[in-house]
Amino acid sequence: MNAIGKPPVAAEQFIAAMGLAATGVSVVTTDGPRGRFGLTVSAVSSVSADPPLILICINRRSPAAAAVDGNGQFAVSILADGHRAYAETFSGRPREGRPFDFSHHAWRDGDTGLPLVQDATAAFECEIDQHLDAGTHRIFIGRVVAAHRGSAEPLVYCNRAFRRIVHLTKETEP
């Protein structure tokens with residue numbers, strides 16, 4: 001039971017409902033003494049503008065979580081609507097090539113030397129400010145030390161499928 005006297009919802013029911021929340025798709029990267037890793041994530045959020053902070057969530061069982069923690073830094077590349085292959089590769093399910101392989105995609109070094117998707121919608125380079133564990137995941141809060149804005153529309157994920165943003169006009173508004 002929880003504080004209001006109800007048992008928690010079943011994981012399957014929670015996952016089914018959360019699957020309808022449209023989210024942006026990002027690749028989180030890190031590099032340093034604990035190695036170079038990349039991982040597709042949908043749990044990225046702004047925390048504060050002053051100071052600039054963002055958060056990411058990574059399953060603690062993922063080697064990427066230990067690498068981010070040990071390297072003390074991470075970058076977030078918000079994927080553009082043409083970046084589905086990046087999302088698939090870094091979620092471990094590429095259509096071509098090997099999972100988590102940086103060599104099949106275009107990267108650039110950020111200001112901190114971290115790998116960024118070449119033409120990402122936006123990118124953030126962060127130093128870890130703090131982290132905490134919640135359920136199965138580690139929440140990393142990063143102090144943004146560099147931010148980059150591109151021009152492409154973001155890739156979106158909802159209901160177990162990649163989506164594109166559609167701009168409504170007065171004629172198409174519901």
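A cavity is a set of grid points where a 1.4 Å probe fits but cannot get out, and its lining residues have an atom within 4 Å of a point. The views below show a predicted model.

**View 1. Lining of the largest cavity.** Val-28, Thr-29, Thr-30, Phe-37, Gly-38, Leu-39, Ile-58, Ala-64 and Val-68 form the lining. At least two lining residues come from each of β2 (26-30), β3 (37-41) and α2 (63-71). Six of the lining residues are nonpolar and three polar, with no charged residue. The volume of the cavity is about 30 Å³, and the structure holds one cavity of 30 Å³ or more.

**View 2. Nonpolar surface patch around Met-18.** Val-9, Phe-14, Ile-15 and Met-18 make a nonpolar surface patch of about 390 Å². Met-18 belongs to helix α1 (residues 11-18) and is partly exposed, at a relative accessible area of 46%.

**View 3. Salt bridge between Asp-69 and Arg-138.** The two side chains meet at 2.8 Å, N to O. This pair joins distant parts of the chain, with Asp-69 in helix α2 and Arg-138 in strand β10 (residues 137-149), 69 residues apart. Asp-69 is partly exposed (29%), whereas Arg-138 is buried (16%).

**View 4. Salt bridge between Asp-129 and Arg-143.** The N to O distance is 3.1 Å. Asp-129 lies in strand β9 (residues 122-134) and Arg-143 in strand β10, 14 residues apart. Relative accessible area is 36% for Asp-129 and 31% for Arg-143.

**View 5. Salt bridge between Glu-88 and Arg-95.** The closest N and O atoms are 3.3 Å apart. Arg-95 is exposed, with 62% relative accessible area, while Glu-88 is buried at 10%.

Methods
Residues are numbered from 1 along each chain as its sequence is written. This is a predicted model: local features need pLDDT of at least 70, side-chain atom pairs count only at pLDDT 80 or more; totals for chains, interfaces and linings use all residues. Side-chain values use heavy atoms; hydrogens and water are left out. On a 1 Å grid over the protein atoms alone, a cavity is a set of points where a 1.4 Å probe fits but cannot get out, and a pocket is an open set with protein on both sides within 12 Å along at least five of seven lines; lining residues have an atom within 4 Å of a point. Grid points are joined across faces, edges and corners, and a volume is the space filled by probe spheres set on the points. Helices (H or I, at least four residues) and strands (E, at least two) are DSSP runs, numbered from the N terminus. Ala, Val, Leu, Ile, Met, Phe, Trp, Tyr, Cys and Pro count as nonpolar, Asp, Glu, Lys and Arg as charged, and the others, Gly among them, as polar. Patches are made of residues with over 30% relative accessible area and no salt bridge: like charges are joined within 9 Å, nonpolar side chains (Val, Leu, Ile, Met, Phe, Trp, Tyr) within 5 Å. Accessible areas come from the Shrake-Rupley method with a 1.4 Å probe; for residues, only the protein chains shown count as cover. A salt bridge is a side-chain nitrogen of Lys or Arg within 4 Å of a carboxyl oxygen of Asp or Glu. Buried means under 20% relative accessible area, exposed over 50%, partly exposed in between (1.4 Å probe, protein chains only).
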